[in-house]
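Here is a short tour of a protein model with an RNA strand. Keep the structure open and find each residue as it comes up.

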Amino acid sequence: MELAKAYDPKEAESRHYERWEQLGCFHPEVNKDADAKAYSIVIPPPNVTGSLHMGHALQHTIMDVLTRWKRMQGFRTLWLPGTDHAGISVQRKVVEQLRAEENKSPLDIGREEFLKRCWAWKEEYGNTIIEQMRREGASVDWTRHRFTMDPGLSAAVRSVFVRLYEEGHIYRGLRIVNWCPKDKTVLSDLEVKEETKKDGKLYYLRYPVSEPAASAGGSDFIVVATTRPETMLGDTAVAVNGSDERYKHLIGKTIALPLTSREITIIADEYVDAEFGTGAVKITPAHDPNDYLVGERHGLEQLLVMNMDGTMNAAAGAEFDGMDRFKAREKVVEMFDELGLLEKVEDYEITLPVCERCKTVVEPILSEQWFVKMDELRDIGLDLIEREGVPRFVPEVPHAKVYTTWLENLKDWTISRQLWWGHQIPAWYDGEGNVYVAHSEEEAREKAGGRELTQDNDVLDTWFSSGLWAFSTFGWTGEAGGQLSVVSGQSDEKSVSSPATDNRQPTTDLENFLPTDVLVTGRDIIFLWVSRMMMLTKKFTGQTAFKDCVITGTVLGKDGKPMSKSRKNGVDPIEMFDKFGVDATRVYLASIATGADIRWNDLLIETYRNFANKIWNATRFSLMNAGPQAASLQADESRLGACDPTALADRWIISRLNRTALELNKALERYEFHTAVSLLYHFFWDDFCDWYIELSKSEPPAVAGGLTQDSENVQPPATAGGSDGSGVTLNVLETALRMLHPFMPYLTEELWQKLPGTSAEMHHAAYKSEPPAVAGGLTQNSDNVQPPATAGGSDKTIMLADFPRGDASLIDEAAEFEMSVVIDAIKKARNIRAEMNISPSVRFAVHLAAKSDVQRVFRDNEPQILRLARAEKLVISDVLDVPKASAKAVLTANATLAVPLEGLIDFAKERERLANAIAKLSDEKTRLDGQLSNENFVTRAPAEKVEALRERTAELEIQIKTLNNNLSSLSIDQ
RNA sequence: GCCGUCUUAGCUCAGUGGUAGAGCACUCGCUUCACACGCGAUAGGUCAGAAGUUCAAAUCUUCUAGACGGCACCA
């Protein structure tokens with residue numbers, strides 16, 4: 001069969017995903033091995049408002065590589081997808097839509113109607129990212145898709161809330177909170193970011209002291225400095241440090257607060273730093289967290305002068321009532337100035353707290369909210385990481401320490417949000433303001449003795465429900481009298497894909513898949529999500545949410561800054577898929593060192609697009625040369641023992657293959673995806689294509705190909721040491737495709753389907769025991785089964801084939817050494833050709849001199865050396881016997897190589913070439929001599945290191961001597 | 001202010017004690033019958049700077065410079 005000349009990713013991408021899905025490959029139930037170990041990953045649920053960005057693509061790639069790898073190893077594998085309801089974001093979208101389309105506010109249509117609109121919005125746009133995951137090739141189990149507001153997950157939220165409340169971990173109270181006046185909701189500390197403002201001002205205000213101090217040259221004023229002058233309308237005291245001589249005499253005196261009719265007291269408090277500013281601080285308990293504490297200590301009035309939309313209220317005074325806070329600031333300053341009470345205004349660089357999402361300046365404000373007391377949960381989290389080492393962060397530095405430090409300083413968590421979209425707080429109030437926390441209104445009413453109740457208006461922080469993700473997604477609801485009630489495997493929501501029925505095992509997902517194996521996410525949500533999931537999962541299930549936590553780096557724009565819409569430096573993954581192919585993009589993302597940031601660079605994806613094309617063409621070549629018999633194939637025992645020059649190359653490539661497979665698995669175990677990619681890239685391109693295939697070309701077309709499959713190991717075909725290049729080629733190729741599959745699912749499936757002899761028989765044992773009747777007997781409905789890409793109605797797929805483990809016993813050191821000698825000879829001959837400017841079309845003789853065992857290697861591989869060095873003949877002997885007009889080189893194993901070049905040689909050039917070679921070798925020898933003459937090194941370094949240097953020095957000596965001889969003979973003879 | 005990370009070839013990045021690596025770009029050569037998304041051959045780094053530990057440092061320690069991240073504070 002003939003393949004196209006170049007790989008067309010779109011063609012392959014269009015075909016396989018649906019087929020995999022229909023074969024049921026994404027379900028853990030595809031695994032028929034009752035003893036199979038489970039391997040599970042839950043996706044960090046993307047926001048329903050988002051669309052796929054590079055960070056997702058990176059994390060999804062890693063999760064899919066792990067999932068496919070483990071699946072091929074025979075694990076009962078589950079990657080669970082889902083989405084997060086993203087409270088504020090959705091609410092904002094729907095509010096905007098409502099205003100734009102109907103010019104209405106949420107209050108106009110009411111809570112119930114508004115929620116309907118939210119659900120409609122979510123139905124329409126909420127699966128953008130999750131749908132884009134199909135294009136990525138993500139092997140997630142769509143039947144287990146979850147949404148944080150699914151009934152089951154919502155029940156879990158209520159159960160957790162009720163229990164935390166009953167145990168005293170949740171309380172409602174009046175505190176200074178972070179308030180976003182635009183979103184009109186409270187935010188947790190983690191949702192507030194800082195923005196530096198260079199053009200900030202510090203205003204110095206004079207407060208007239210009611211009883212002017214007569215002594216100590218005291219003035220009639222006390223000067224306070226503030227960046228928020230409008231808050232002075234809510235001042236209820238001025239504080240100074242009790243030991244500050246300047247103000248000591250004023251303590252207890254009062255101030256006629258300007259612009260108001262209020263008198264406030266001058267108090268002493270340690271909080272005030274006498275050295276800082278004027279040493280006097282205005283105290284606004286309702287609008288500043290520190291002032292709040294001062295106020296509590298001194299029993300000050302908490303005067304709220306602002307509304308929740310960022311305007312001033314009546315308490316600020318009639319002329320400020322309803323005025324925007326920033327307008328009010330100007331007005332206050334203006335009035336102070338008019339009254340002669342503005343001491344000065346200084347330029348001042350300030351950092352403002354802003355809402356993470358809308359960048360609105362956050363207002364610290366006194367408000368009644370729900371909080372989680374974090375003491376017990378913090379101890380749970382600390383205990384896990386410090387005693388059990390869970391989670392194990394990858395990379396460990398710096399995350400483990402940052403995480404631990406953060407936990408140690410954990411403050412209470414504000415969990416209520418003044419939104420409608422989300423989990424409404426399961427708390428009800430009676431007419432007298434008594435609160436009843438319950439799983440349902442019914443239960444609350446029982447508790448309230450049947451009184452009329454109203455439910456708390458607010459909803460919970462989205463992260464509260466995300467914090468339960470590791471177990472709520474597996475069916476935990478916390479209901480049914482402490483018994484785990486498991487939601488049926490079917491998603492509460494409409495599944496994104498919709499298998500008709502569901503024949504789950506009797507055991508529950510919770511038992512099967514918790515703890516999950518690894519969490520892959522970004523560092524921005526370690527505190528928001530990772531920590532909370534860790535703590536809540538442990539508290540409510542007794543399990544660890546996950547063992548390992550891979551923290552990916554940030555994909556930066558070409559300018560080295562994080563990608564963002566405002567910077568317009570974003571790169572759309574979908575565009576990259578279109579331009580370079582999904583597989584190439586995946587490999588590029590996997591090639592980034594785990595946890596490292598990287599600047600986006602198209603050129604690097606091109607590398608992997610080229611790699612994909614190389615794999616395609618290597619397969620194309622192998623198929624073209626496989627011969628007609630290759631399709632029928634059995635290992636042909638009769639070929640065993642046949643002595644043939646390709647034997648070395650066969651032994652060598654099988655050795656390299658197994659070495660690569662062993663190291664590849666190790667790299668994946670360590671989450672070193674970049675190492676894995678590098679191993680695959682160099683094995684495939686350098687070893688397999690550049691050397692093995694090129695060497696095999698010197699042979700006549702293969703007689704017969706044999707694909708053998710041994711699920712235990714990367715087994716050489718029966719021809720190891722035999723004559724059938726093509727059989728080895730196809731076997732190695734087939735194995736390489738399996739190793740590549742987790743990274744490049746589409747390309748490898750496309751090619752694997754085309755290899756002769758691949759079949760469902762090659763699936764891992766766990767997938768073979770019976771026809772794959774999974775998840776509702778999908779495959780039994782033949783109408784739904786797409787015919788495979790190639791002949792025969794087979795349900796074969798590389799996805800379920802065995803992942804190569806590598807077999808250390810097949811590593812052949814001798815073959816690798818001998819091959820290195822052959823490669824060296826070819827490279828040195830090529831070097832002479834290139835440096836001497838000899839046309840590729842000129843065939844020259846290559847003389848090789850070496851010890852007898854090395855001579856044998858040359859002799860055994862004569863056709864290959866002839867071909868790849870473009871030589872006409874090899875002359876192999878004990879010592880070189882060539883005309884002086886020859887170019888010479890030294891090889892490993894102290895062999896020498898010469899190319900007689902009568903009439904062609906450029907003496908000057910050859911002398912230069914030799915001199916360069918000698919210089920390089922001499923530099924090395926000088927360095928080694930220096931080390932060896934150092935007695936400390938000889939006595940203290942490990943003996944094997946010293947010995948290795950000695951050997952190398954001896955070798956260098958011979959080589960330098962050889963080249964020097966050649967150089968001097970060239971100089972004499974001209 | 002506290003904690004931490006990064007600085008390696010023109011570019012983007014690997015490399016945690018024993019002779020500096022990759023891809024791309026550059027230079028030279030190739031219509032070699034899988035691939036020009038290719039093949040072959042070169043060139044290119046005193047591993048930010050300084051000091052120290054060590055027989056041996058890109059790698060460990062300290063300091064300096066620059067870039068950056070997290071947390072805290074910000075009258």
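## Around Val390

Leaving aside residues up to four places away in sequence, Val390 touches Leu384, Ile385, Met534, Thr544, Phe546 and Lys547. Remember that this is a predicted model. Val390 sits in the loop between helix H9 (375–388) and E17. Is Val390 buried or exposed? Its relative accessible area is 11%, and buried means under 20%, so Val390 counts as buried. Now look along the chain. Val390 and Cys549 are 159 residues apart in sequence, yet their C-alpha atoms are separated by 8.7 Å.

Cys549 is the bridge partner, in E25, of Phe393. Strand E25 covers residues 546–552 and runs parallel to E17, with 3 bridges joining the two.

These two strands belong to an open sheet of 3 strands. The order is E17-E25-E24, and the pairing is parallel.

## Helix H15

Met534, one of the residues that Val390 touches, falls within helix H15 (residues 526–541). This helix is mostly covered, with 13 of its 16 residues buried. After H15 comes Gly542, whose phi is positive, near 80°.

## His169

Next, find His169. It lies in the loop between helix H6 (151–166) and strand E5 (170–180). Its relative accessibility is 8%, so His169 counts as buried. Which side chains make polar contacts with His169? One is Glu167, at 3.4 Å. Another is Glu376, at 2.7 Å. Not counting residues up to four places away in sequence, His169 touches Leu164, Phe371, Val372, Lys373, Asp375, Glu376 and Lys539.

## The RNA strand

Now turn to the RNA. How many residues surround RNA strand B? There are 62, and the closest are Ala225, Val281, Thr607, Asn617 and Arg940. Of the atoms of RNA strand B that come within 4 Å of the protein, 67% belong to sugar and phosphate.

Which element gives the most to the surface near RNA strand B? Helix H18 does, with 12 residues. Other elements each supply at least two residues, among them strand E9 (221–226), helix H10 (396–408), helix H23 (813–835) and helix H27 (935–940). By class, this surface has 28 nonpolar, 14 polar and 20 charged residues.

| Side chain | Part of RNA strand B | Distance |
|---|---|---|
| Tyr348 | sugar or linking oxygen | 3.2 Å |
| Lys401 | phosphate oxygen | 2.8 Å |
| Arg830 | sugar or linking oxygen | 3.3 Å |

Tyr348 is paired with a sugar or linking oxygen, and so is Arg830.

How values were computed. Residues numbered from 1 in each chain as written. Chains lettered and ligands numbered in written order. Predicted model: local features only at pLDDT ≥ 70, side-chain atom pairs only at ≥ 80, totals over all residues. Heavy atoms only, no water. Buried < 20%, exposed > 50% of the residue type's maximum accessible area, 1.4 Å probe, protein only. Helix = DSSP H or I, 4+ residues; strand = E, 2+ residues; numbered from the N terminus. Near = heavy atom within 4 Å. Polar contact = N/O pair within 3.5 Å; in protein donor to acceptor, adjacent residues only side chain to side chain. Nonpolar A, V, L, I, M, F, W, Y, C, P; charged D, E, K, R; others polar. Pairing = 2+ DSSP bridges. Contact = heavy atoms within 4.5 Å.
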